[in-house]
Amino acid sequence: MLKDEEIWSSYKLPPKKELDAGSENAADPDLVRILVAAEAVLRDAYRLCSDTSPDRKMTQQRANILNEFYAGASGKADGFRYFKNASTLVTYFTTMKQLLVYYYRVVYNEDGHFTRAKPDQVLPKDVIQPTAPQIQAMDEIMEALALEDEEEAELALKHAIRRLYLALICHIVGSVPFKSPVLSFCAMLSRKVRGKGRGLWEEPGNFNSHLSALTWTAQLVLFDYACFQEQDDEDQIPVFLAKVCKKFFQQLAETPFGHILQWRLYLFKVGKAAIAKHQARWLLDGQTVEYRGVELQMSQISDLVVSEYQQAHALLYDELMFQAKDLTPMESWRLKDDLDLEDFGGSWLSHPGNSEFLEGAELALFRRIQVMWRNNARQRHLLIWEKLVMIYTQYHKGQQQSGAYKDNIRFLPKAIGDLLLSYVAYVLPLRQLFLRQQTPGALISPYLWAKLGGTVWADGTLSACLRKACTRAKVPCLHTSNWRQFAASITKEKFSAKERANFDLEDSIGEDIEDELDLVALAELSNHTYHTFNHAYAGTTTLTLNTLLHRGYRASESWRTLFR
């Protein structure tokens, strides 16, 4: 049996400081140079897909070819979903670089990395059978490292890495899957070798995440290689992609990714049927819920909200607004907004009915709120409806995998919403002035949670803020992942079936949407399809958005009244 520590070290990347500094003073300078070049290859490949890149070569037709395996398995024709958040790109590229590390240490190096505990023990190097193209590509990598001309060496190294990745993907394995370096690497990833649960197998969902990373990045590599190979005749890119994908990148192919795609189907099935290992449990008092060692009382949620409101109020009025007493308070009950406003730069700040409250402010500074407070190329997410501040987003946790949007509408409690309105009306213009002093002509970020320079908060920032808030409120430490579990458990335990229907638009149909069913019946009587009736006669806001607004309002109201 392989040692967990050796499994982890077989694909562990060198320390970040070595990668950032290049090969200087690195324990293995060759490996560091390979990984730096691999990062550049992957970043270059992503630029070929990015909507904002002048080098973009991705089309919908090419995306469909890359994702042909998905259409064959599910009956859906979604194309390759090339957009990924920055943090997801880092995770995916890290996994693909770990594959290179594994090949370098286990396949290329003579010692094969792993220790043979017994003479008859079979090690990964004994099973892996690199192909001639893989061996040749690795030799070309080492030859590129030996070149003296830096520019020539960099180009040769990147090209050789592309060839190695392609050779790893285009590998017929037949009935011996683990002779593939890729599948051998996947076997290492299936083992928990760090942190909690060390020495156990990964959960199906977690292991599937590794496979998703490899699959997506392999698609990116194939597209990059196609563009590189056919750079003299771009019309041949779809031909090259179709040929390679049909032979090597679909479920019926006896190739590394043929097996990976099959594994993913099995894991999706198992994952849906599996019962979550960690359950939130309610104590007999009905007021305390426990999840993974953290006990949270219902009263502590109120304590947390009140504590943070007081902190935010003091920060806004005493510091950001310099204790100003003569400013018109921004209160949602007397402000107006147009939910159908589509003007570029438009928001509640530009509504004519609010001019008396904003008189004297320089509206030209109100330009721009991961929730956006004004329209730009995309619709804003901060609105006012029924005298409350409304947050409307379409992002959800699984969006990058499913490609599907989900409408999320929630209303802020009045006191919190009014704080946000005052921040937008008074503080953001001041931030704009500071930014202009630093960078003349610059516009403030359209995102609410962004730094002055425009950088959107990193994914872990919200968890860090929540932990600090819990410390201030003297309640058990929460972060975004365990709060999701607590929130879901509270929803199931404390709300009726009718109330829960407001939280999940896809899986629940309750008595509260009888009006919608009546409209469907009315559409049938009018001799029109429901789609035509809704869009041509009512408009999308009358039924579709109207239902979302009402359910979002009721869901928010359920939470607010629960913690009175």
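Helices (DSSP runs of H or I, at least four residues) and strands (DSSP runs of E, at least two residues) are numbered from the N terminus. The structure described here is a predicted model, in which local features need pLDDT of at least 70, side-chain atom pairs count only at pLDDT 80 or more, and totals for chains, interfaces and linings use all residues. Residues are numbered from 1 along each chain as its sequence is written, and side-chain values use heavy atoms, with hydrogens and water left out.

The predictor's confidence in each residue is expressed as pLDDT, from 0 to 100. The chain has a mean pLDDT of 83, and 84% of its residues reach 70 or more. For residues 505–517, however, the pLDDT is below 50. Where pLDDT is low, the predicted coordinates should not be read in detail.

An open sheet is formed by three strands in the order β4-β5-β6, with antiparallel pairing; two strands pair if DSSP finds at least two bridges between them. β4 (382–385) and β6 (408–411) are the edge strands, each pairing on one side only. On average, neighbouring strands of this sheet are turned by 30° against each other, direction ignored. Four bridges join strand β5 (residues 388–393) to β6 in the antiparallel sense. Thr-393 has Asn-408 in β6 as its bridge partner, and Ile-391 stands opposite Arg-410 in β6.

In a regular strand the side chains alternate between the two faces of the sheet. The covered face of β6 holds Ile-409 and Phe-411, whereas Asn-408 and Arg-410 belong to the uncovered one. Helix α17 (residues 414–438) lies across β4 and β5. The helix runs at about 80° to β5, where axes are lines fitted to C-alpha atoms, for helices over the stretch in contact (heavy atoms within 4.5 Å), and angles run from 0 to 180 degrees between N-to-C directions.

How values were computed
Buried means under 20% relative accessible area, exposed over 50%, partly exposed in between (1.4 Å probe, protein chains only).
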